[in-house]
Amino acid sequence: MIRRFGETAVKGQSYQIRHGAYAILPLGGSLLLTHQAAPVPEFQLPGGGIDPGESPLAALHREVFEETGWRIAPMRRLGAFRRFTFMPDYNIWAEKLCHIYLARPIRPHGAPTEPAHTALWMPAELATEELGNAGDRYFVSDFLRRAR
């Protein structure tokens, strides 16, 4: 059973499954995050949707680069969670299946290319409070607990 975070599914509401890959990117006690300004401003783990025919790791590399401008390496899957949400960018109700990876930021190659995204470094402990969804906060907290 995959752990659910956030709102429960609304009875009678149809949800489209959206697979996504997201990364915890630690370096020197901080995490590389993205801030999405619209449609709702929030701090997020970099990552996003897996396109049809794309592998989760290819999607992770692409999404992290688009949202932060950084290249990443090597990766290890930490787990997954699901959440039910409305995605205004796509005008759909989604059951998001979020695959979480641990990776190392290698080097920046420029500014994010994803509209309304800004890359930033945040102290890891602060990220456990500031990330926009409970699943991201859980996985960062679990990563920090295991790293001690």
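## Basis of the model

Helices (H or I, at least four residues) and strands (E, at least two) are DSSP runs, numbered from the N terminus. This is a predicted model, in which local features need pLDDT of at least 70, side-chain atom pairs count only at pLDDT 80 or more, and totals for chains, interfaces and linings use all residues. Residues are numbered from 1 along each chain as its sequence is written, and side-chain values use heavy atoms, with hydrogens and water left out.

## Helix H1

Helix H1 covers residues 56-68, and its 13 residues should span 18 Å at 1.5 Å a residue, the expected span being 1.5 Å times one less than the number of residues. The end C-alpha atoms are 18 Å apart, which agrees. Glycine 69 follows H1 and has a positive phi, near 85°.

Ala59, Leu60, Glu63, Val64, Glu67 and Thr68 are the buried residues of H1 (under 20% relative accessible area, 1.4 Å probe, protein chains only). Seen down the axis of H1, these residues fall within an arc of 125°, so they line one face of the helix; the arc is that of the directions from the helix axis to the C-beta atoms.

## Nonpolar cores

A nonpolar core is a set of buried Ala, Val, Leu, Ile, Met, Phe, Trp, Tyr and Cys residues joined through side-chain atoms within 4.5 Å. The largest has 19 residues, of which Ile24, Leu31, Leu33, Leu45, Ile100 and Val140 touch the most other members. Helix H3 (134-147) is among the elements that each supply at least two residues of this core, and H3 gives the most, with 4 residues.

A second, separate core of 10 residues includes Ala21, Leu25, Tyr101 and Ala103.

Technical notes
Buried means under 20% relative accessible area, exposed over 50%, partly exposed in between (1.4 Å probe, protein chains only).
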